[in-house]
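Hi,

Here is the structure I promised to pass on. Have a look at it first, and then read my notes below with the viewer open.

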Amino acid sequence: MTVEVAVTGVGVVSPFGDTPMALWDALARRVDARAPWQAAAVAHPCAQAIPVTASGREHTRHRAWQLARLALDKAMASDRVPAAQARIGCILGTTTAGIDALERDLLLGGEAGDGDAVGALLDGRPWGAGASVLSAACASGLLAPALAVDRLALGEAEVMFAGGVDVLLDYTLSGFHGLRLSGTAACRPFDRLRQSVVLSEGAAVLRLEPLRSARARGAGVLGVIKGFGMGCDAGHATAPDATGIARTIRAALDDAQMDPAAVACVFAHGTGTPANDAAEAAALAQVFGAQRIPPVAAVKSVLGHSQAAAGTFSLLSALLALRRGVLPPVANTSEVDPAMGNLVLAAPDTPSGAVALVNAFGFGGTNGVMVIGSHTEAA
Amino acid sequence: MNADPIDIVGVGAVVATGPHALQAVLAGVPMRSRRAGALSGAARLALAAAAQCPSVGDSFDLCGAPDARTGICLGTRHGAAAVARRSLLVLREHGVAGLQPSWYAGGLANATSALLASACAFGGPNLSFLGQHAGLDALIHACRCLARHRADHMLAGGVDTCEAAAPPCETAASAAALLLLRRMAPPSNATDARPRLGRVLGWAQCRPAAASDIPAAIASLVRQATPAACRPPPIEVCALEPETHSASALLPLVELLRAGGGLRAWVAHGQQELHCVVIDSPAASGERE
């Protein structure tokens, strides 16, 4: 990658609050936000939902897009210098947006209609450089910013807003339950006794622009995207493949022109499910060597798995960690599975270093990996 | 825009109006793949279109490691909504116990591109885009992937089935329209002997604030997408009606490429989103490689 891209704004809507500080505070304190959740048709025993306490969070037909708009508004307002409208673009990732409308129509009555999810998000907003909605399952929230980086590198836009959104649905909770991937237990990434993921919801949007132009206008820079990789296992729909993940990690490091030894920490996909964590650990061992895997953070242990938003939440957490100089601790994991080899998990005092790897994987074998750096390191 | 041209080395299109016609179109298409398992109707439709591109059919169920330098970008308006709808109806009638484990992933919008990647062992970028205009959106994103060296080949286009549609689109045809793209720079073009049907010279997209801005936006978009060294291309506009789907803007483009229609700025607009690709397709009787 020849163009480094700066993150100059953030918009967040999450079960833990609507600011990056609230997210970090929850990670640092290892907050446990699990609670029963009453969906449209089924009462689910365990999830992490956004409290319906303010305008825009209520359960409406296009709730995902409502949350995305809130996050987008925050990201657009988070920088003091407005960008020229003509050169702004947007890429949002989602796993199930559109199905939320279908679910409300079918489970709560009403006429089942075309979701028209894209129109619901984009109406009324001029995007001079266009807007796209990406669906790459749970890798969407990392791949949307990645694709935005390429649009900036190609000179198609001056500023891109990119991120992910998903809401809790009967469809999702029941689907994960059917795959035996969710339960009532806490999320314990890489733990010997790990069982399942805790599903969550939210929206996160980042403002991205070339580092050079961000510096030129004196913008506040949260961190820098140095490169990324994307790939597909081309195998099973729901079983991750270590070789495919490793291939994508290598592609990201090549793109960033970075030696594996330069990576100080890894923000894992880390769902806390037996198969995913095993594949991810094996992939890290393939790339870094079994004895040299950098310290691993796994924010889903606290934030839960917000599907398409999860990749953006991981990216944001990694940016905050590089800025603060420490990694957020992994909650709930008391004994790393011996099958994970020499994997070392982040603790409250683990230094973050200057370069981090961020992973996000999705059903369908879709993989995204990003290499990011702190602004100090980039300067 | 800072991008080299992209080769078009294959096109494929399949259209079926109504469920019975869809069954007829899919009659010769495999229902399963060794790698992917059972293939959905949308995946089989995409496979039928992809098989019209040179060599792609040969990669079906190939053994060995996936080709990490070939990727897929698919647009869809309806995704796999038929699976999602069936899941929700079963959930309503029979509860969680009635659901099949495979339905969740099979009902996601990226299921078709994932199945196609597994069936053809394409291990490169695998991206799905949503919306009525998503076919051309996917084509442009595939060009970006090639321009940024994320892959050497990309299969890109739009796929939608009538079974996934809901009002007001339930009468729409099932269709898949795909282009096989190749990065021109070595080494991809040095090892690929497939002849070139045409080139993508540039692309652009925008979303004007109001419908009244669209004519001016189209002119601006074509200027952005046309390389400086290229003469102004004739503009063809494909207006997407409410009942159309993600392949609608690509079906006539595939025909144009097959006929060798020369230099064109191909513009699609639906709702307010505008996409433009500038292509050059030498005359069929002339200089085609």
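This is a predicted model: local features need pLDDT of at least 70, side-chain atom pairs count only at pLDDT 80 or more; totals for chains, interfaces and linings use all residues.

Now try A:Arg180, another residue other than glycine with a positive phi, here near 60 degrees. A:Arg180 sits in the loop between α6 (170-178) and β7 of chain A. With a relative accessible area of 74%, A:Arg180 is exposed.

Next, the helix that A:Arg180 follows. Seven of the nine residues of α6(A) are buried, so this helix is largely enclosed by the rest of the structure. The buried ones are A:Asp170, A:Tyr171, A:Thr172, A:Leu173, A:Ser174, A:Gly175 and A:Phe176. What do the buried residues of α6(A) pack against? From chain A there are β2 (35-38), β3 (43-47) and α3 (99-107), and from chain B there are α3 (81-94) and α4 (103-106).

β2(A) and β3(A) are joined by a hairpin through four residues, and they pair in the antiparallel sense over three bridges. To see one of the pairs, show A:Trp37, whose bridge partner in β3(A) is A:His44.

On the chain B side, look at B:Leu99, in the loop between α3 and α4 of chain B. B:Leu99 is buried, with a relative accessible area of 16%. Leaving aside neighbours within four places in sequence, B:Leu99 is in contact with A:Ser174, B:Ser87, B:Val90 and B:Leu91. A:Ser174 is one of the buried residues of α6(A).

Now for a strand. Strand β6 (residues 159-166) of chain A has eight of its eight residues buried. In a regular strand the side chains alternate between the two faces of the sheet. For β6(A), both faces are covered: A:Val159, A:Phe161, A:Gly163 and A:Val165 are on one side, with A:Met160, A:Ala162, A:Gly164 and A:Asp166 on the other. β6(A) pairs with strand β4 (residues 88-94) of chain A in the parallel sense, over seven bridges. Its pairing with strand β7 (residues 202-210) of chain A is antiparallel, again over seven bridges. For landmarks, A:Leu92 has A:Gly163 in β6(A) as its bridge partner, while A:Ala162 has A:Leu206 in β7(A).

A:Leu206 turns up again among the contacts of A:Leu315, a residue of helix α11 of chain A. A:Leu315 is buried, with a relative accessible area of 0%. Besides A:Leu206, and leaving aside neighbours within four places in sequence, A:Leu315 is in contact with A:Leu142, A:Pro145, A:Val358, A:Met370 and A:Ile372.

How does α11 (residues 310-324) of chain A pack with α1 (residues 20-29) of chain A? Their axes are 10 Å apart, at an angle of about 80 degrees, and the two helices are therefore roughly perpendicular to each other. A:Pro20, A:Met21, A:Leu23, A:Trp24 and A:Leu27 in α1(A) meet A:Phe313, A:Leu316, A:Ser317, A:Leu320, A:Ala321 and A:Arg324 in α11(A). By class, that contact has nine nonpolar, one polar and one charged residues.

Last stop: helix α8 (residues 251-259) of chain B, where B:Leu253, B:Val254, B:Leu256 and B:Leu257 are buried. Seen down the axis of α8(B), the buried residues fall within an arc of 160 degrees, so they line one face of the helix. Their cover includes β1 (6-16), α6 (134-147), β7 (174-183), β10 (262-270) and β11 (273-281) of chain B. After α8(B) comes B:Gly260, with a positive phi near 70 degrees.

Happy exploring!

Terms used. Residues are numbered from 1 along each chain as its sequence is written. Chains are lettered from A and ligands numbered from 1 in the order in which they are written. Side-chain values use heavy atoms; hydrogens and water are left out. Buried means under 20% relative accessible area, exposed over 50%, partly exposed in between (1.4 Å probe, protein chains only). The arc is that of the directions from the helix axis to the C-beta atoms. Contact means heavy atoms within 4.5 Å. Two strands pair if DSSP finds at least two bridges between them. Axes are lines fitted to C-alpha atoms, for helices over the stretch in contact, and angles run from 0 to 180 degrees between N-to-C directions. Angles under 35 degrees count as roughly parallel, over 145 as roughly antiparallel, 65 to 115 as roughly perpendicular and the rest as oblique. Ala, Val, Leu, Ile, Met, Phe, Trp, Tyr, Cys and Pro count as nonpolar, Asp, Glu, Lys and Arg as charged, and the others, Gly among them, as polar.
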